[in-house]
Amino acid sequence: MEDHRLLKIVLYGEFATGCCKREAPKKCYKDSLKQHLSFGHIDCHQWSTVASSWDSLRHSIHDAAASFENARRVSLKEKRQRRKNRSLPISPKETFRCAFCKWTCLSHIGLFSHQHACSKRE
C-alpha cells in the first residue's frame, strides 16, 4: 500500500501512538490489536516487520496461538485444582447435602442455588 493512502496513515499513526481516553469504557480497535499482539508476545512496534514476510508471520502466529492455548489450559487446570482443594470449615450441625451430587453446602440458600444449577446440568 502506498504511503499517501489514508488507511495506512491512520492505522500506522494510531497504532504506534494511540490509546483510549480514560473515561471511555469501551476499547478501540487499535487497543484490541495491541492486546492480542501482546498475548502472542509480539512487539506492537515491530509488527510491520513481522508481517512483511508471510512465512515469518505465519510462524509467529502459529507459535503465539499455541503458547496462548497452553497457558490458558494450565491456568484452567490450576483454577480447577484450587477450587477442588479448598477446605471449607464444615461443622456437622450446619451442613446441607445436594441430592444430585452430594456436594456439601453451609447454608440452606446455598443448597437451593446449587441444586438449581445441578439439576440443569443433568
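Ser107 is partly exposed, at 30% relative accessible area. Partly exposed lies between buried (under 20%) and exposed (over 50%), with a 1.4 Å probe and protein chains only. Ser107 sits in the loop between β2 (104-105) and α5 (108-121). Helices (H or I, at least four residues) and strands (E, at least two) are DSSP runs, numbered from the N terminus. Thr95 is 12 residues away from Ser107 along the chain, yet their C-alpha atoms are separated by 6.8 Å.

## Basis of the model

The model is predicted: local features need pLDDT of at least 70, side-chain atom pairs need 80 or more, and totals for chains, interfaces and linings use all residues. Residues are numbered from 1 along each chain as its sequence is written, and side-chain values use heavy atoms, without hydrogens or water.

## Cysteines

The whole structure holds 0 disulfides, a disulfide being a pair of cysteine sulfur atoms within 2.5 Å. For Cys105, the closest cysteine sulfur belongs to Cys98, 6.9 Å away and therefore too far for a bond. Cys118 is in no disulfide either; its nearest cysteine sulfur, in Cys101, is 3.6 Å away.

Cys105 is buried, at 7% relative accessibility. Cys118 is buried too, at 4% relative accessible area.

## Positive patch

Lys79, Arg80, Arg82, Arg83, Lys84, Arg86 and Arg121 form a positive surface patch. Patch residues have over 30% relative accessible area and no salt bridge, with like charges joined within 9 Å. A salt bridge puts a side-chain nitrogen of Lys or Arg within 4 Å of a carboxyl oxygen of Asp or Glu.

Helix α4 (residues 54-85) supplies the largest share of the patch, 5 residues. Lys84 is found in helix α4.

Notes: Patches are made of residues with over 30% relative accessible area and no salt bridge: like charges are joined within 9 Å, nonpolar side chains (Val, Leu, Ile, Met, Phe, Trp, Tyr) within 5 Å. Accessible areas come from the Shrake-Rupley method with a 1.4 Å probe; for residues, only the protein chains shown count as cover. Lys and Arg count as positive and Asp and Glu as negative; His and the chain ends are not counted. The place of a charge is taken as NZ of Lys, CZ of Arg, CG of Asp or CD of Glu.
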